[in-house]
Amino acid sequence: MFVIHFSAECYPVAKVGGLADVLGALPKYQQQAGLRAAVVMPYVRKPFVESHEMLIVHSGEIVQDSVVKPYVVLKERHDVLGFELYLIQIPGLLDREEVYCYPDESLQFLAFQHAALQWICFAGLQPDIIHCHDHHVGLIPFFLENVPLFRRIKRTPTVATIHNAQYQGWQPWDMLRFYPPFDDYRAFMLEYNGQINPLASLVRSAWHYTTVSEGYLRELFREANGLERLFAEFSFKATGIVNGIDKQVWDTKNDPMLANNYSLKDAGRGKQANKLALCEQYGLDVALPLVVFIGRFALEKGADLLPSVIRQVLNNNQGKVNFLVLGSGDAQVTWELQQLFGNYSQQMGLYIGYNEGLAHQIYASADFLLMPSWVEPCGLNQLYALRYGTIPIVSATGGLRDTVIDISEPNGYGFLFSKADIGAAVTAIERAISLFENNEQVSKIRKHIMQLDFSWEKSAAKYQAIYTELVEVK
Ligand code: ADP
């Protein structure tokens with residue numbers, strides 16, 4: 001079976017968040033399970049692309065609003081990622097340094113989807129499944145169904161995976177002039193609340209849709225940034241499949257980004273050695289519990305709560321706890337954290353920016369990982385933390401609720417608190433500080449969480465079952 005994934009991100013080519021991690025891992029595990037898997041993404045000027053041999057496998061041109069735009073399809077020559085990687089390059093549109101945040105982003109992703117499908121049709125590729133991830137590639141099932149140019153692969157089953165329904169790719173109707181020609185009367189399939197909504201179109205037109213945890217699927221029926229009714233209407237073709245961990249990348253024994261590698265057997269020593277290196281770097285006391293946050297400073301991550309939560313915990317527990325924050329995003333949150341850091345630099349470390357290596361070192365060093373998320377479709381940070389022996393303190397939402405059991409429950413190993421509640425987050429951290437005093441209990445939990453199975457094999461098999469069913473009904 002041949003599956004082609006379409007995505008804006010893929011680790012280690014271009015990563016902004018968890019979407020990249022999934023696209024860097026799922027196709028690899030599918031390939032290992034005997035499928036042929038490929039990822040198609042927009043060309044970005046990133047170190048991976050510039051340091052690997054890229055072959056031009058196809059060239060052509062698309063027409064947008066009567067303007068002819070040439071494109072090339074590049075393939076990473078040696079399949080070093082464990083699957084086929086293709087990048088679509090369009091001069092002036094898809095050849096930039098960042099993945100997102102350009103004012104003409106809608107046009108970029110539109111051109112990407114148009115060129116990618118045209119290439120597949122013209123080059124004679126015959127995928128069994130087309131798998132689309134999030135709104136950036138949300139128009140593909142609609143295009144397959146309605147654009148005569150793509151007639152050759154019209155009956156290819158499509159799977160949509162919703163990694164984050166907060167972002168929907170809204171477009172004004174005048175964007176239609178850039179679309180490949182299709183029957184006008186079908187435009188209602190693109191519409192939601194008066195605009196073009198690529199995520200809504202994806203959910204409507206895909207043969208099956210999945211979300212990155214079961215909990216998130218249930219949540220979407222109640223809270224989906226306006227699309228609740230749509231998700232519920234199409235629930236008959238929905239499945240929640242939790243993300244996994246790429247065990248080759250996230251491996252305490254071999255992770256090249258760690259100051260000290262460690263195994264399950266010597267996790268206590270290994271984590272302490274990493275913590276020492278990190279605490280020295282940030283001027284923190286290694287003897288105190290280290291609570292960390294890694295992520296985007298966005299409302300959905302609960303980042304707006306962070307400054308108040310950290311301030312309250314530090315005030316209530318003077319000299320008993322340290323914090324380290326790694327992230328970037330919202331300007332107000334950044335400013336508040338910088339102010340806080342100014343006042344508490346002895347008990348707090350702050351790194352504003354994106355740093356993959358530092359993130360790995362933090363997962364390996366920390367005692368506790370804080371995730372006060374408002375919305376968390378799956379959450380990978382808590383899974384990486386668990387694998388690296390770091391105890392999660394998370395709000396009870398989406399994938400966090402599915403993957404973390406509170407320590408008060410049988411076989412519990414983390415701390416859950418009500419979302420968007422500063423007081424509840426403070427209490428949960430204080431429960432963690434108390435736990436830290438019990439060395440024996442901490443090391444027992446650490447051993448337990450490092451062995452939890454969040455492997456991609458299980459989740460990849462669930463995707464495969466969906467593919468098989470779709471291919472059979474085709
Ligand atoms: P998101 O909603 O951002 O996709 P996930 O939990 O699914 O959240 O995935 C986040 C991924 O991005 C994890 O691999 C995490 O380690 C990484 N990450 C987030 N922010 C940073 C940062 N500032 N530096 C390094 N890695 C980061």
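Of the 20 residues around the ligand, which come nearest? Lys15, Gly18, Asp21, Arg296 and Tyr363 do; a residue counts as near if one of its heavy atoms lies within 4 Å of the molecule.

Before going on, some ground rules: this is a predicted model, where local features need pLDDT of at least 70, side-chain atom pairs count only at pLDDT 80 or more, and totals for chains, interfaces and linings use all residues. Residues are numbered from 1 along each chain as its sequence is written, and side-chain values use heavy atoms, with hydrogens and water left out.

Confidence first. The chain averages a pLDDT of 97, and 100% of the residues score at least 70; pLDDT is the predictor's confidence in each residue, from 0 to 100. Helix α13 (residues 398-403) is lowest at a mean of 96, while strand β1 (residues 2-6) is highest at 99. Helices (H or I, at least four residues) and strands (E, at least two) are DSSP runs, numbered from the N terminus.

Now the ligand. Here are some polar contacts, meaning pairs of N or O atoms within 3.5 Å:

| Residue | Protein atom | Ligand atom | Distance |
|---|---|---|---|
| Lys15 | polar side-chain atom | oxygen | 2.7 Å |
| Gly18 | polar backbone atom | oxygen | 2.5 Å |
| Gly353 | backbone N or O | nitrogen | 2.9 Å |

On its own, the ligand has 560 Å² of accessible area (Shrake-Rupley, 1.4 Å probe), and the protein covers 92% of that. Elements giving two or more residues to the shell are α1 (18-32), β12 (290-297), β13 (322-329), α11 (356-365) and α12 (381-387). Both domain 1 (2-244 + 457-473) and domain 2 (267-453) supply at least three shell residues each, with the bounds coming from an automatic or database domain assignment. By type, the shell splits into 7 nonpolar, 8 polar and 5 charged residues; Asp, Glu, Lys and Arg count as charged, and Gly is among the polar ones.

In one of them, the centres of Tyr86 and Trp119 are 4.9 Å apart and the planes sit at 50 degrees, so the pair is tilted (under 30 degrees is stacked, over 60 edge-to-face, the rest tilted). Tyr86 belongs to strand β5 (residues 84-89) and Trp119 to helix α3 (residues 105-122), 33 residues apart.

Most residues other than glycine have a negative phi, and most peptide bonds are trans. The Tyr11 to Pro12 bond is cis, with omega near 5 degrees, and Pro12 is in the loop between β1 and α1. Cys101, in the loop between β5 and α3, has a positive phi near 75 degrees.

How values were computed: A polar contact is a pair of N or O atoms within 3.5 Å; within protein, one must be able to donate a hydrogen and the other to accept it, and residues adjacent in sequence count only if both atoms are side-chain atoms. Rings of Phe, Tyr and Trp (its six-membered ring) pair if their centres lie within 6.5 Å; planes under 30 degrees apart count as stacked, over 60 as edge-to-face and the rest as tilted.
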